[in-house]
Amino acid sequence: MRLFGLTGWSGAGKTTLIKRLIPRLIGRGLSVSTVKHAHHGFDVDHPGKDSYAHRVAGATEVLVSSPLRVALMHELRGAPEPELVDLLPRLAPVDIVLVEGFKREPHPKLEIHRAVVGKPCLFPNDPDIVAVASDGPLPDAAVPVLALDDVQAIVDLVVAQAIPVDQAIARAAAVR
């Protein structure tokens, strides 16, 4: 398994780009999984569902299985949020893992930048950003700048720059 990240400020278009990358990577014969960081609480089940009732009753983990999918919910119940390196071993093997968010983790990343968001670029302070996908020119960029709508060039970058998951885990352990 190899890993590559997409980072950027909220509203820059990370999820939109990932939705465009996945079919292109699959079209190259690669299997793809994603890991997304959320800065807020979220629910994958809802009141009225049995899994919700199990979780609210205090279960640490609730695994739901059907002929179509399996979902495992793990309640932290005050424990610290797991780091990316703790989550990666939970994934089934695939060719490429796309990581959305986790901007402070030390793995190769593409910064998604839109001027309209009004936030500064992240690449000057993050040596793991290998390129920027932008909706406009960034003449002072110290890394390659790709057009945000050039999905083919971005797919090529992802395939070329993705690193083995065990290497990403080792890099993260080295900075802890």
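**Inside first**

Reader: Okay, what does L110 touch?
Author: Leaving out residues up to four places away in sequence, L110 touches F4, G5, L6, T7, L17, A131, V132, A133, I154 and L157. Bear in mind that this is a predicted model.

Reader: And which residues touch the most other members of the largest nonpolar core?
Author: L21 and L110 do, in a core of 21 residues. The elements giving two or more residues to this core are β1 (2-7), α1 (14-27), β5 (96-100), β6 (109-113), β7 (129-134) and α4 (151-161). The largest share is from α4, with 5 residues.

Reader: What else lies apart from that core?
Author: Another core, with 11 residues. L3, V35, V97 and V165 are among them. In general, nonpolar side chains in soluble globular proteins tend to be buried together.

Reader: Switching topic: how many helices and strands does the chain have?
Author: There are 5 helices and 9 strands. Starting at the N terminus, the order is β-α-β-α-β-β-α-β-β-β-β-α-β-α.

Reader: How much of the chain is buried?
Author: 38% of its 176 residues count as buried.

Notes: Residues are numbered from 1 along each chain as its sequence is written. This is a predicted model: local features need pLDDT of at least 70, side-chain atom pairs count only at pLDDT 80 or more; totals for chains, interfaces and linings use all residues. Side-chain values use heavy atoms; hydrogens and water are left out. A nonpolar core is a set of buried Ala, Val, Leu, Ile, Met, Phe, Trp, Tyr and Cys residues joined through side-chain atoms within 4.5 Å. Buried means under 20% relative accessible area, exposed over 50%, partly exposed in between (1.4 Å probe, protein chains only). Helices (H or I, at least four residues) and strands (E, at least two) are DSSP runs, numbered from the N terminus. Contact means heavy atoms within 4.5 Å.
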